[in-house]
Amino acid sequence: MAGGNERRMKALKEVWRRAENSLCADCGKPDPDWASSTLGVFICLSCSGIHRNIPSISKVKSLKMDHWDDAQVQFLAKHGNAVTKATYEAHIPIYYYQPTYKDCQVLREQWIRAKYERKEFTEPGKQLPYSDGVKEGILWKRGRDNGQFLPRKFLLSEREGCLKYFTKQDAKEPKINVKIDVINATFQPVKIGNPNGLQITYLKDNKTRNIFVYHESGKEVVDWFNAIRSVQFHYLKVAFPIASDNEIKNRLTRNFLKEGYMEKTGPKQREAFKKRWFTLDHRRLMYFKDPLDAFAKGEVFVGSRENGYSVQKGLPSGTQGNFSWHYGLTIVTPDREYLFTCETETDQLNWIAAFTSVINQAMTPQEYAIEAYFKFKS
């Protein structure tokens, strides 16, 4: 009996050590130590919890703590991540967002359910709820002034290249009509206070406007997210016909590089430092009085090192103004310095790393145009 267990564990470890099984099959997290005995994939602890919620599809077991019989080990050996992905991820639309372990629960859960439960990617040309080029439905939207979430009708149209929402079901004219190429969407469950919370941003007069929405159904809100990416992808294919699919994919929705509270002072650098919520969206650093404000109180353009931008740890010597946080940093631009303080050293270092990653990148022609606008505005 003992010899049989040792043989099985040795065979299990050999399959487990294959390079294809070194990352979670669903989110890419390194060193997965769980597996599905019915799907044949190696997964992390977090994804195993999602698999456990679809027991008709997946039976999960710990690779370290649970008993595996010969048939189960042989099944894993025959399948593994590569073989299973070849079936369940055979025809993923290029615009479909494939989440990682850094993404929120609703994105990862709907990705797993789309693959194994709904089998959305097993056949070419399959009609999907986010691939029609048009989507209409109700989302709960946060009011700009009163903060209440109310049901609003949204309409996404590839033919018109826009996203609209209406304050009333029978309204003929939309409250907003936003071109699809200026829209971004990112999941914000913590900020919005709902596990299915989605933040939609767009540019209005070159200023960022935020809309916060959710839907009770995780599937529905993720379908909206991927429908936006689908419409954006096809719009950009027409606008940039010589661009590759991967180049266009990289221009679709993006997560913010960093968000959080810092203190800031004014341009004279003698005013009291005030606590503000900051969002770094690539080269736009926006600050808000409240994380759920519709409009930023101000924006700072963060250019490239070769154009005279840099980030420095600490504040200039002799800095005046009252501040309660003592971990400072300074953004240097060709025109002025921006002074900030962070609550902890960890926050300070993380913000410096985020700014550095942007500043080290060369600017695109479009970003030179944005920089020129910021200089004109100031």
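Predicted model: local features only at pLDDT ≥ 70, side-chain atom pairs only at ≥ 80, totals over all residues.
1. Ground rules. Residues count from 1 along each chain as its sequence is written, and side-chain values use heavy atoms, without hydrogens or water. Local features need pLDDT of at least 70 and side-chain atom pairs 80 or more, while totals for chains, interfaces and linings use all residues.

2. Domains. The assignment (automatic or from a database) gives domain 1 (1-117), domain 2 (134-248) and domain 3 (258-376). The C-alpha centres of domain 1 and domain 3 sit 42 Å apart.

3. The sheet. Five bridges join β12 (274-281) to β13 (284-288), and L280 stands opposite L285 in β13.

4. The model has 19 aromatic pairs (Phe, Tyr or Trp six-membered ring centres within 6.5 Å; planes under 30 degrees apart are stacked, over 60 edge-to-face, the rest tilted). Y261 and W277 have ring centres 5.0 Å apart and planes at 85°, so they are edge-to-face. Y261 is in β11 and W277 in β12, 16 residues apart. F278 and F340 are also edge-to-face, at 5.3 Å and 85°; this pair ties β12 to β17 across 62 residues of sequence.

5. Burial. F278 is buried at 0% relative accessibility (buried is under 20%, exposed over 50%, partly exposed in between; 1.4 Å probe, protein chains only). F340 is buried at 2% and W277 at 15%, whereas Y261 is partly exposed at 32%.

Note on methods: Pairing = 2+ DSSP bridges. Helix = DSSP H or I, 4+ residues; strand = E, 2+ residues; numbered from the N terminus.
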